[in-house]
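Hi,

Here is the structure I promised to pass on. Have a look at it first, and my notes on what turned up follow below.

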Amino acid sequence: MADVKEKTIAKDPKLANAREASIDPATQEMLLRAQELKIDTVFDRAVTMKPCAIGLQGICCKNCAMGPCRLPLPKGGIDGEDTRKGLCGATANTICARNFIRMIAAGAAAHSDHGRSVAEVFLSVARKETQDYKIKDPIKLLDIAPHFGVATTVEVDGKTVDRDLDEIALEVAEAAYNEWGKPEGTLNYIKRAPQALQEKWKREGVEPRNVDREIVEIMHRTHMGVDQDYKNLMKQGTRAALADGWGGSMLATDLQDVMFGTPSPLQSEVNLGVMKEDHVNIIVHGHEPVLSEMIVAAAQSQEMVAYAQEKGAKGIQLSGICCTANEVLQRHGVPPAGTFLQQELAIITGACDAMVVDVQCVFQNLANVAKCFHTKLITTHPIAKMEQENVVHIEFDEHHAMEDAIKIVKMAIDNFQNRGAEVMIPRHKAAQIAGFGVESIRYHLGGSFRGDYYTLNDNIINGRIRGLAGIVGCNNARTKHNEEHIEIMKELIKNDVLVLTTGCSAIAAGMHGLLTPGAASVHCGPGLAEVCETVGIPPVLHLGSCVDNSRILLAATEVVKAGGLGNDISDLPAAGSAPEWMSEKAISIGQYFVASGVYVVFGYHMPLEGAPEFKDYLYQEMEKIYGGKWDCEPDPIKHAHKIIAHIDAKRKALGIDKARERVLMDMADRQALAME
Ligand code: SF4
Ligand code: MSK
């Protein structure tokens with residue numbers, strides 16, 4: 001492969017410049033390879049297709065056939081009264097708020113419908129209708145049972161004895177499944193939030209009733225001629241977002257942990273270089289781990305490995321893209337081959353024998369790319385098919401899950417011999433530690449002796465850890481791949497902010513070496529480096545997939561419970577960020593963090609500029625209601641410093657800013673703190 005620098009100098013203006021498209025050398029190499037082969041990728045399409053300027057402002061309404069009505073902000077802004085209105089009279093605020101909460105509805109639906117699929121499989125397991133899945137983590141089952149009012153012990157002859165695990169599983173499964181459509185009450189899991197936060201939600205009337213209802217109600221309220229008050233619209237947006245974060249997503253995470261095992265830190269690798277030329281390469285892509293769990297088991301079975309060897313391969317290399325990758329990484333150490341923007345590139349290696357996709361974040365163009373190679377592109381979910389003829393659909397069913405997985409793995413093995421001569425796998429890959437969660441943070445930052453969040457809190461209070469930041473979310477072809485994630489993370493850890501990450505952001509962190517304990521001495525400020533080196537953790541902790549943002553909510557709740565840092569999540573020196581967001585799920589995540597009291601900064605752009613009043617409501621007024629608010633900052637260094645300024649303001653409000661100043665003063669102070 002010729003040098004990337006040399007090959008990117010003279011460029012067709014219709015093609016992406018590899019050096020400007022990504023900071024990752026593997027992505028740059030494969031983009032050039034695609035261009036050589038005249039296969040278009042998302043990077044090139046982002047050059048030729050520009051976003052609609054009115055849509056970007058968030059003020060295009062197509063909610064009825066009298067539209068689309070477009071209300072662009074006049075050049076120079078609004079002078080005097082804002083008289084813009086659609087045919088029905090809808091104002092810019094109404095249109096923008098309706099669009100915004102429809103994004104929340106779509107995002108919450110995606111996470112929560114994923115959660116529902118998991119709950120259905122869990123119900124089958126509890127009813128013993130499938131033998132392919134088992135309860136791998138009974139301790140987690142016992143942990144979550146009380147949240148559904150399911151007793152874990154029973155009184156027999158005046159003695160307390162443990163209840164039968166199967167009975168508990170069935171009651172939990174039925175109660176959990178009920179959360180999507182129960183006719184009365186509010187979601188069970190909202191009671192896991194700090195008391196002060198629960199009171200805010202009650203006061204504001206945003207406690208979610210059931211998952212589906214909140215999403216349906218958004219679609220009703222945003223229909224032509226219904227809710228025409230942007231604050232009232234946003235109230236429902238909040239309720240649906242909370243139904244996602246403290247409902248559908250949290251249920252998905254917990255039930256997945258019960259069935260597939262709660263992750264604990266493990267070592268793996270990441271980036272396109274994990275694919276192996278002499279192995280059968282199978283890539284799982286999407287979000288739901290129910291099938292990929294089976295594919296891991298099938299690919300590791302002696303029978304399938306022997307079959308692959310019979311067909312001339314040395315073995316089977318399984319890897320992942322997007323959040324299915326994160327799911328199988330955190331539980332099995334299966335290496336991610338890349339982030340969202342690398343999905344086409346994985347096929348362009350010529351070494352992908354099968355790409356197995358489930359739901360969400362799957363490019364339809366994969367089918368066009370697969371056509372240029374031998375790759376079998378396999379859709380597996382009844383709600384996510386592709387129209388192209390070269391796509392194979394093998395519908396997955398939990399009742400014969402292993403059978404389906406073996407069929408898919410076999411298909412990939414049989415396809416190995418059809419590879420073309422030109423295989424090009426970039427060499428780049430990085431080592432990483434992934435698989436952190438609420439439980440493992442408790443263990444690592446508390447130790448086996450104290451085993452709690454007190455040690456983390458102590459280190460925040462004494463200032464070694466300045467604060468916490470959740471850096472999450474997607475890649476976006478409108479920004480330089482991975483650059484914002486990495487710049488922001490580096491700037492934060494340099495300033496002693498411990499980073500928790502999920503989704504494609506977590507994959508990016510791994511690709512750029514931030515998920516190893518060794519990153520602490522290279523990139524961290526002295527306080528954070530000391531903590532990471534002492535307990536042997538990376539300064540950026542991989543907490544899983546998009547639905548696992550619920551782990552961040554619960555970790556923050558544990559920090560509140562451990563004491564010394566206020567009585568609500570909004571008191572914590574903490575913030576959230578999605579630097580390269582693109583998915584509607586990110587908007588739902590952002591809003592459930594805001595409504596949980598977190599300052600949330602998005603990168604790239606927010607579709608709010610056309611409705612300054614509504615934007616101000618999200619960026620300023622929200623804070624008075626929930627303690628959290630939105631912000632947007634595309635420049636990564638400014639973005640990181642907005643987070644740091646917020647953290648410092650919270651430290652000041654808590655009266656712990658002085659300890660931090662001492663930490664930063666000199667080594668003697670740090671040594672004195674270490675003795676405390
Ligand atoms: Fe236009 Fe109103 Fe119809 Fe929207 S709902 S398209 S603003 S007429
Ligand atoms: S996969 S939602 S691109 S993080 Fe969860 Fe990545 Fe965003 Fe999809």
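Let's begin with Lys128, which counts as exposed because its relative accessibility is 51% and the cut-off for exposed is over 50%. Keep in mind throughout that this is a predicted model. Lys128 sits in the loop between α6 and α7, and its phi is near 60 degrees, a positive value in a residue that isn't glycine.

Pro68 belongs to the loop between β1 (60-61) and β2 (69-70).

Now the salt bridges. How many does the structure hold? The count is 44. I picked out a few to show you.

Glu293 pairs with Lys136, and their closest N and O atoms are 4.0 Å apart. This pair ties together distant parts of the chain, 157 residues apart: Glu293 is in helix α12 (residues 289-300), while Lys136 is in the loop between α6 (92-126) and α7 (138-144). Is Glu293 buried or exposed? Glu293 is buried, because its relative accessible area is 5% and anything under 20% counts as buried.

Asp278 and Lys314 make another salt bridge, at 3.4 Å from N to O. Asp278 is partly exposed at 34% relative accessibility, whereas Lys314 is exposed, with a relative accessible area of 57%.

Lys615 bridges to Glu609, with the closest N and O atoms 3.2 Å apart. Lys615 is partly exposed at 21% relative accessible area, and Glu609 is partly exposed at 33%.

The residues linked in it are Lys140, Arg192, Asp254, Asp257, Glu327, Arg331, Glu439, Asp548 and Arg551.

On to a pair of helices. Helix α14 (residues 322-332) and helix α21 (residues 503-511) have axes that come within 8 Å and cross at roughly 65 degrees. How are α14 and α21 oriented to each other? They count as roughly perpendicular, because that label covers angles from 65 to 115 degrees. The crossing of α14 past α21 is left-handed.

Helix α21 is mostly covered, with 9 of its 9 residues buried. If you want to colour them, they are Gly503, Cys504, Ser505, Ala506, Ile507, Ala508, Ala509, Gly510 and Met511. After α21 comes Gly513, which has a positive phi near 80 degrees.

Gln236 is in helix α11 (residues 230-260) and is buried, with a relative accessible area of 0%. Gln236 and Ile101 are 135 residues apart in sequence, yet their C-alpha atoms are 7.8 Å apart in space. Ser319, in strand β7, counts as buried at 0% relative accessibility. From Ser319 to Val296 is 23 residues in sequence and 9.5 Å in space, again C-alpha to C-alpha.

Last, something on the outside. Which residues form a nonpolar patch on the surface? They are Val154, Val156 and Val161, and together they have about 190 Å² of accessible area. Val154 is part of strand β3 (residues 153-156) and counts as partly exposed, at 37% relative accessibility.

Cheers

Notes. Residues numbered from 1 in each chain as written. Chains lettered and ligands numbered in written order. Predicted model: local features only at pLDDT ≥ 70, side-chain atom pairs only at ≥ 80, totals over all residues. Heavy atoms only, no water. Patch = residues over 30% accessible without salt bridge, like charges linked within 9 Å, V, L, I, M, F, W, Y side chains within 5 Å. Areas by Shrake-Rupley, 256 points an atom, 1.4 Å probe, with all protein chains shown as cover. Salt bridge = Lys/Arg side-chain N within 4 Å of Asp/Glu carboxyl O. Helix = DSSP H or I, 4+ residues; strand = E, 2+ residues; numbered from the N terminus. Buried < 20%, exposed > 50% of the residue type's maximum accessible area, 1.4 Å probe, protein only. Axes fitted to C-alpha atoms, helices over the stretch in contact; angles between N-to-C directions. Parallel < 35°, antiparallel > 145°, perpendicular 65-115°, else oblique. Left-handed = near helix turned anticlockwise from the far one by under 90°.
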